[in-house]
Amino acid sequence: MATHLLKGGVVVSGSGTKRADILIENNKIAAVGRNLRCAADAVTDVTGCILFPGFIDAHTHFDLDVAGTTTADNFYTGSRAALRGGTTTIIDFACPNKGESLHHGLELWHQKADGKTFCDYSFHMTIDDWNESIRAELPDMFAQGISSFKMYMTYPAMMVGDRDLYWALKELKSLGGICGVHCENAGVIDGMIAERKAAGELGPDSHPLTRPPYLEAEAVSRLLRIAQAAQCPVVIVHLTNREALREVEHARQRGQTVYVETCPQYLLLDESVYFNPDWSSAARYVCAPPIRAKEEQDALWKALRRGEIQTISTDHCSFTLAQKELGREDFTRIPGGLPGVETRGELIYSYGVARKRISAARMCRLLSENPAKLYGLFPRKGILRPGSDADIVVYDPGLSHVIEASDCVANVDYNPYEGFVTAGGIRQVWLNGRLCVNQGTVLDETPQGQFIARGKCSL
Ligand code: DUC
Ligand code: ZN
């Protein structure tokens with residue numbers, strides 16, 4: 001039996017912080033307490049550091065085909081970057097094509113990820129079609145550890161109509177599943193894009209103009225009425241703006257259960273990025289929903305503080321600058337998505353906790369505890385207590401660095417947060433009782449992540 005004592009740190013949970021040592025025994029936490037007296041095989045002094053439960057990123061797209069290309073990060077490079085950024089579990093979106101079975105999608109995602117992933121991992125299953133055979137596949141998804149699903153209200157290749165959303169949600173309700181939904185109004189966006197194209201407005205500045213916040217809010221509102229009809233809880237993924245939040249508030253007032261996720265790009269960047277006259281500098285920020293006006297950031301931070309938003313994930317979906325060039329002549333061909341998995345923890349600490357917008361406990365809830373509960377990983381993940389996996393981020397508030405793409409290990413040649421200065425930094429990352437990252441260095445080049453079969457939502 002191998003034991004390791006992390007001594008002298010401040011341990012964070014969703015409800016607060018306390019001075020405590022952590023005893024790791026093999027891959028699990030054996031004890032958490034003040035001045036633990038035990039003979040450990042090894043001791044690390046973490047005095048002055050804050051210890052978070054390993055972060056969970058419940059929204060990544062690794063090795064995904066988008067717009068005629070494939071994301072720059074696969075499971076190997078993406079999860080290595082994730083681990084370096086303190087994320088010890090990712091949940092990626094298995095994505096069968098329309099007409100393919102869910103089982104095929106699941107097998108394909110296992111092929112992409114198994115043996116190639118540095119952190120622990122699981123998958124949400126995308127439902128992009130609704131018919132009897134897909135319905136019949138659902139119980140076995142749960143049996144295989146897939147308890148959460150995703151549906152799209154936009155993107156022709158993946159979207160489902162209102163009727164199918166309704167039927168799928170009803171079925172998930174009966175099975176105890178949870179579903180995340182990408183909310184944007186497909187039809188009006190399509191119309192606006194056609195108008196911009198007809199006017200010869202083909203640059204990246206057309207991207208935010210054709211996907212305005214109110215068309216996201218409309219889809220949120222419609223989804224929540226459909227969820228009301230189906231009597232099913234839902235997750236609004238990557239929510240970006242006040243009007244959408246207002247729709248969530250209305251649904252909660254009606255008694256519905258609604259969970260909300262947002263992402264660092266909506267908290268820290270603003271739409272001016274699209275109006276940069278340099279094409280490449282603007283195009284690199286194309287993602288959907290788009291980055292919004294500055295005023296939306298404050299509303300999102302406020303909602304985080306009040307507990308109205310439950311999780312911060314990244315929607316990591318990275319493309320190199322050369323890949324973004326695919327849309328040089330037409331903004332709708334720019335592959336959409338940003339890298340983020342490597343920087344989320346440090347950014348949210350630096351621009352949230354250190355700036356007193358949220359507490360360390362709130363950050364713990366948003367990045368660890370709530371995603372663990374929402375997606376059936378709790379208490380194995382998401383908390384530092386005896387019996388839980390020893391997934392630990394040792395955060396040193398005394399460090400600071402400037403975020404630069406050249407320092408990052410994700411397989412992408414730019415960083416959306418280039419030049420951002422961190423308050424503190426990740427000193428160590430432990431995964432299943434093993435020290436995996438020390439001072440920014442990934443220690444073992446063999447992927448050790450395991451697939452985690454998940455249970456049901458407990459949030
Ligand atoms: N939005 C993106 O920008 N990329 C991937 C999928 C999504 O919803
Ligand atoms: Zn996504």
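Predicted model: local features only at pLDDT ≥ 70, side-chain atom pairs only at ≥ 80, totals over all residues.

**Two helices, α7 and α8**

I began with what surrounds α7: its buried residues pack against α4 (162-175), β12 (178-182), α5 (186-198), β13 (234-236), α8 (242-253) and β14 (258-262). Buried here means under 20% relative accessible area, with a 1.4 Å probe and protein chains only, and contact means heavy atoms within 4.5 Å. Helices (H or I, at least four residues) and strands (E, at least two) are DSSP runs, numbered from the N terminus.

Residues are numbered from 1 along each chain, and side-chain values use heavy atoms, leaving out hydrogens and water.

Next I listed buried residues of α7, among them Leu 215, Val 220, Leu 223 and Ile 226. I then checked its length: the 18 residues (213-230) should span 26 Å at 1.5 Å a residue, and the end C-alpha atoms are 25 Å apart, which agrees. The expected span is 1.5 Å times one less than the number of residues. Just after α7, I found Gln 231 with a positive phi of about 55°.

Then I turned to α8. Which of its residues are buried? I found Ala 244, Leu 245, Val 248 and Ala 251. They cover an arc of only 115° around the axis, so they lie on the same side of α8; the arc is that of the directions from the helix axis to the C-beta atoms. Their cover includes α7, β13, β14 and α11 (294-305).

Last, I noted Gly 255 following α8, with a positive phi near 100°.

Notes. Chains lettered and ligands numbered in written order. Buried < 20%, exposed > 50% of the residue type's maximum accessible area, 1.4 Å probe, protein only.
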